[in-house]
Amino acid sequence: QVQLVESGGGLVQAGGSLRLSCAASGRSFNNYNMGWFRQAPGKEREFVAVISWSGDSTSYADSVKGRFTSSRDNAKNTVYLQMNSLKPEDTAVYYCAAAPVRSFIMRNYYSEALYLYWGQGTQVTVSS
């Protein structure tokens, strides 16, 4: 029902910023909470951020809180991840994912099991 395409990744120096975009196609974009996950080489994929269907609520992993900000523009069917004060440990492939609100469990927002649709990922590399 939903296709997701990430963009905006690249190489940046430590302390710099990047803005990732995730463009969605398909019906009822507003019916999905949108999450961001990342996976570094040799590591498990981990939760980064989530934003509610309305954009009124967000949650973040402790490792990025205060540095990353998620937002969405439902008129453009797009969700964003603004990444500031980047660190080398932020280096990873970043994925956006969509979770249907009908089955969403708020207290488990960090769980990959809630997200049915995933983008292809975009590489973020932070150099020191």
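This is a predicted model: local features need pLDDT of at least 70, side-chain atom pairs count only at pLDDT 80 or more; totals for chains, interfaces and linings use all residues.

1. Residues are numbered from 1 along each chain as its sequence is written, and side-chain values use heavy atoms, with hydrogens and water left out.

2. The protein chain has zero helices and eleven strands; helices (H or I, at least four residues) and strands (E, at least two) are DSSP runs, numbered from the N terminus. With a radius of gyration of 14 Å, close to the 14 Å from the globule rule for 128 residues, the protein chain is as compact as a globular protein of that length. That radius is taken over C-alpha atoms, and the rule is 2.2 Å times the number of residues to the power 0.38. The C-alpha trace spans about 40 × 30 × 25 Å along its principal axes.

3. How much of the protein chain is buried? Of its 128 residues, 45% count as such, buried meaning under 20% relative accessible area (1.4 Å probe, protein chains only). As for contacts (heavy atoms within 4.5 Å), 59% of those between residues at least 6 apart in sequence join residues at least 24 apart.

4. Do look at Leu 20 in strand E3 (residues 18-25). Leu 20 counts as buried because its relative accessibility is 0%. Leaving out residues up to four places away in sequence, Leu 20 touches a list of residues including Trp 36, Leu 81, Met 83, Tyr 94 and Val 124. Leu 20 and Glu 6 lie 14 residues apart in sequence, with 6.9 Å between their C-alpha atoms.

5. Ser 59 belongs to strand E6 (residues 58-60). Its relative accessibility is 18%, so Ser 59 counts as buried. Beyond neighbours within four places in sequence, Ser 59 contacts Phe 47, Val 48, Ala 49, Val 50 and Tyr 109.

6. Finally, the largest pocket has a volume of about 180 Å³. A pocket here is an open set of points on a 1 Å grid where a 1.4 Å probe fits, with protein on both sides within 12 Å along at least five of seven lines; lining residues have an atom within 4 Å of a point. Among them are Gln 1, Arg 27, Tyr 32, Arg 102 and Tyr 117.

Technical notes: Grid points are joined across faces, edges and corners, and a volume is the space filled by probe spheres set on the points. Buried means under 20% relative accessible area, exposed over 50%, partly exposed in between (1.4 Å probe, protein chains only).
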